[in-house]
Amino acid sequence: MMKFYVSATGIKKLTISSSAAVTSGGGGGELPVGMKRKGSLPGSRRISHRTLLLPAVLVLGLLLSLLFFRITFIMLESAAFCSSSIGCLGWRVFGGSDSTLLREALMRALLEATSDGDNGVGGIESSTSLHSSFNDLVKDMSSNGQDIKAFAFKTKATIMKMEQLVESARQRESISWHLASHGVPNGIHCLSLKLAEEYAENAAARSRLPPPQYVSRLTDPSFHHVVLLTDNVLAASVVVSSTIKSSSTPERLVFHIVTDKKTYTAMHAWFAVNSVNSAVLEVRGLHQYDWSHAVNIGIKEMIEIHRLICRHKLDSIKRENIVNEYEHAKDLQYLRPSCTSLLNHLRIYIPELFPDLNKIVFLDDDTVVQHDLSSLWELDLNGKVVGAAFDSGCGDDCCPGRKYKDYFNFTSPIISSKLDYDRCGWLYGMVVFDLHAWRKTSITATYHHWLKLSLNSGFELWNPGALPPSLIAFEGHVHRIDPSWHMAGLGYRSIMNVAESVLEDVAVLHFSGPAKPWLEIGNPEIRSLWSRHVNMSNDFIRKCGIMG
C-alpha cells in the first residue's frame with residue numbers, strides 16, 4: 001500500500017507498505033492525512049526525489065549516446081549518397097527510409113545532369129578521363145567517396161562516350177561491309193581461269209554458239225529475245241537457268257550475252273560445255289563488233305565522261321572528309337567497279353548492238369527470274385520505248401531512295417528547271433525495250449547531250465551511275481508496268497526483313513545494292529533465292545569451291 005504525505009510545497013514523503021490496507025480498530029476508517037500510524041510495519045521504506053534522479057540521468061545519457069552514434073553513422077552515409085548531408089540527415093532522422101532517400105536524391109541528380117548544358121560531361125570530366133566500363137566507374141566512386149551528383153554526371157558522360165564508341169564501331173562495320181562488296185570472290189576468279197583453260201584445251205568448249213541450225217533464231221522476231229551485258233560467268237549462268245526454268249515456253253527463248261574481251265573465252269566455254277535445254281544462246285565479245293566510226297567515238301566519249309564523273313565525286317568526298325575518308329557508307333558506292341564499267345553503261349547503245357532486233361527484255365546480271373516472262377513480249381507499250389516498273393511492291397509512288405532527289409543535284413538551275421524533285425525513278429534491272437520505236441527517237445543523242453552538260457558544269461548535275469542520265473534521256477518514253485514484274489534493292493540491308501510470300505510473288509528479283517547474291521555478306525535466306533539456281537554438281541563449280 002502506498003501513502004503520500006503532502007504539504008504546501010509538494011510531496012514530502014512516500015510510504016510503501018507490504019501489508020494490506022490499514023484500518024482503525026479492525027474495521028475503522030483510514031488514518032488522517034499528515035498523521036503517521038504508530039503501528040507501521042517494519043518492511044515499509046521511504047524514497048526521496050533525489051533518489052529517483054540518478055537512474056533517470058543514467059537512462060538519458062544512454063539514449064543520448066545511442067542517438068549520437070546514429071547521427072554520426074547517418075552523416076557518414078550521406079557523404080556517399082547525397083549532395084547535401086543536412087538534407088539527408090533530415091530525411092533519415094525524421095522518418096525517410098533509406099530506399100526513398102536514395103531514390104529521391106538520385107532523381108534530383110539525374111535531372112540536374114540531364115538539364116546540364118555541358119553535353120553530359122557537366123564540367124567534371126574530360127572525354128579522355130572517362131571510364132571505359134561501368135565497373136571502373138563504380139570502383140572510382142567507391143574509392144573516392146564522391147557524392148551522388150558526381151556519380152550522375154560521370155554516369156551520363158560515360159554512357160555518352162559508350163554511345164559514341166558504338167556508333168563509331170557501327171560505322172566502321174558498315175564501311176567494311178561496303179568495301180567487301182567491291183571485290184570479286186576467289187571462286188569466281190577461279191571459275192574464269194578454269195574455263196579459259198578449258199577453252200584453250202577442249203575443242204568442245206570452242207564449239208559454235210548457237211549450233212548452225214539455230215542461227216536463224218538470233219534475228220527472228222517471233223522468238224523471245226533476252227539481252228544480258230556481263231563479265232560474270234556465274235551470274236550469267238543463274239540468269240539463263242532461272243529464266244528457262246520459269247518459262248512456260250523455253251523453246252521460244254533466245255539469249256544474247258555480250259561480254260568483254262577478257263571474259264569472252266570463259267563465258268563461251270561455260271555455255272558450250274553446259275548447253276541450255278530447249279533455248280538458243282549466243283555469246284559475243286565486244287571485240288567482235290564492227291561498229292561505225294561514229295559509234296566507236298560516241299562510246300569512248302561516253303565512258304570517259306562517266307569516269308570523270310566518278311573521279312570528281314571521289315575527289316569531293318576526300319575534300320569533305322579530310323580526317324576520315326569515306327565517312328559515310330553511301331559514298332562508297334562510287335568506288336564500285338560498275339561506276340566506270342563499259343558493260344554497265346553500254347545499254348544506251350543496245351539498238352546498235354542488235355540492229356536486227358525489234359523487241360527485247362533486258363536483264364541485269366544480278367537478277368534472278370522466278371516466274372514466266374512470256375507475256376512481256378506481248379506487252380503493248382503504247383508507242384513508248386521502255387516498259388519498266390517504278391515501284392518495288394510497297395505501294396503507288398513508293399520508291400524509298402529512288403526519287404529524283406536521290407540522283408540529281410537540284411541546286412543546279414539546269415536540273416531544277418527540268419525535273420521533278422519527288423518523282424520516282426524507274427527500275428533499270430529488268431526492262432522491255434522496243435528497239436523499233438527507239439530508233440525513231442533521239443534518245444541516245446539526248447543522253448550524250450546531257451553528258452556534255454555535266455562535263456561543262458563541273459560534273460555537279462547528278463551522282464555517278466548509269467541511271468541518272470538515262471532517266472533524262474528516256475523522259476516521256478517510259479511505259480509503267482505492274483510492280484509485280486520487278487522488285488529491286490535486295491542488295492541493301494533495309495530490305496532484309498521482307499516477307500517470303502512477297503518475294504515469291506515477284507517475277508524478277510534484282511539484287512541491286514552492295515550485297516550481290518554471289519557474295520557472302522547478304523542475308524542467307526534472300527541469297528538462297530538466287531543460289532538455288534547454281535549448278536552445284538558442276539565440276540568447275542566444285543573445283544573452285546563456290547558455295548551456294
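Reader: Is leucine 110 buried, partly exposed or exposed, and why?

Author: Please note that this is a predicted model. Leucine 110 counts as partly exposed because its relative accessibility is 35%, which lies between the 20% and 50% cut-offs. Leucine 110 belongs to helix 3, residues 98-114.

Reader: And which residues make the nonpolar surface patch of about 270 Å²?

Author: That patch is made by Met107, Leu110 and Leu111.

Reader: Let us step back. How many helices and strands has the chain?

Author: The chain has 19 helices and 13 strands. Of its 548 residues, 43% are buried. The accessible surface of the chain is about 29,000 Å², and carbon and sulfur atoms account for 56% of that area.

Reader: What share of the contacts with a separation of 6 or more comes from residues 24 or more positions apart?

Author: Such residues account for 71% of those contacts.

Reader: Now helix 7, please. Why does the distance between its end C-alpha atoms agree with what it should be?

Author: Helix 7 covers residues 233-246, which is 14 residues.

Reader: How many residues of helix 7 are buried?

Author: Helix 7 is mostly covered, with 13 of its 14 residues buried.

Reader: What caps its N-terminal end?

Author: Asparagine 232 caps the N-terminal end of helix 7. One of the side-chain oxygens of asparagine 232 is 3.2 Å from the backbone nitrogen of leucine 234.

Reader: On to charges. How many salt bridges are found in the whole structure?

Author: A search of the whole structure finds seven. Among them, arginine 347 and aspartate 364 meet through their side chains, at 3.1 Å from N to O. This pair links distant parts of the chain, 17 residues apart. Arginine 347 is in the loop between helix 10 and helix 11, and aspartate 364 is in the loop between strand 7 and strand 8.

Reader: Are those two buried or exposed?

Author: Arginine 347 counts as buried because its relative accessibility is 5%. Aspartate 364 is buried as well, at 13%.

Reader: What about arginine 423: where does it lie, and what is its partner?

Author: Arginine 423 forms a salt bridge with glutamate 475, at 2.5 Å from N to O. Arginine 423 lies in the loop between helix 13 and strand 10, while glutamate 475 lies in the loop between helix 16 and strand 11, 52 residues apart. Arginine 423 is partly exposed at 33% relative accessibility, and glutamate 475 is partly exposed at 28%.

Reader: Where do arginine 542 and aspartate 539 lie?

Author: Both lie in helix 19, three residues apart, about one turn of the helix. An α-helix has 3.6 residues a turn, so residues three or four places apart point the same way. The closest N and O atoms of the salt bridge between arginine 542 and aspartate 539 are 2.3 Å apart.

Reader: Which residues are linked in a network of salt bridges?

Author: Asp231, Asp260 and Lys262 are linked in such a network.

Reader: Finally, is lysine 516 buried or exposed?

Author: Lysine 516 is buried, since its relative accessible area is 18%, and the cut-off is under 20%. Lysine 516 lies in the loop between strand 13 and helix 18.

Reader: What is lysine 516 in contact with, leaving aside its neighbours within four places in sequence?

Author: Lysine 516 is in contact with Asp366 and Phe511. A polar atom of the lysine 516 side chain lies 3.1 Å from the backbone oxygen of phenylalanine 511.

Terms used:
Residues are numbered from 1 along each chain as its sequence is written. This is a predicted model: local features need pLDDT of at least 70, side-chain atom pairs count only at pLDDT 80 or more; totals for chains, interfaces and linings use all residues. Side-chain values use heavy atoms; hydrogens and water are left out. Helices (H or I, at least four residues) and strands (E, at least two) are DSSP runs, numbered from the N terminus. The expected span of a helix is 1.5 Å times one less than its number of residues. Buried means under 20% relative accessible area, exposed over 50%, partly exposed in between (1.4 Å probe, protein chains only). A polar contact is a pair of N or O atoms within 3.5 Å; within protein, one must be able to donate a hydrogen and the other to accept it, and residues adjacent in sequence count only if both atoms are side-chain atoms. Patches are made of residues with over 30% relative accessible area and no salt bridge: like charges are joined within 9 Å, nonpolar side chains (Val, Leu, Ile, Met, Phe, Trp, Tyr) within 5 Å. Accessible areas come from the Shrake-Rupley method with a 1.4 Å probe; for residues, only the protein chains shown count as cover. A salt bridge is a side-chain nitrogen of Lys or Arg within 4 Å of a carboxyl oxygen of Asp or Glu. Contact means heavy atoms within 4.5 Å.
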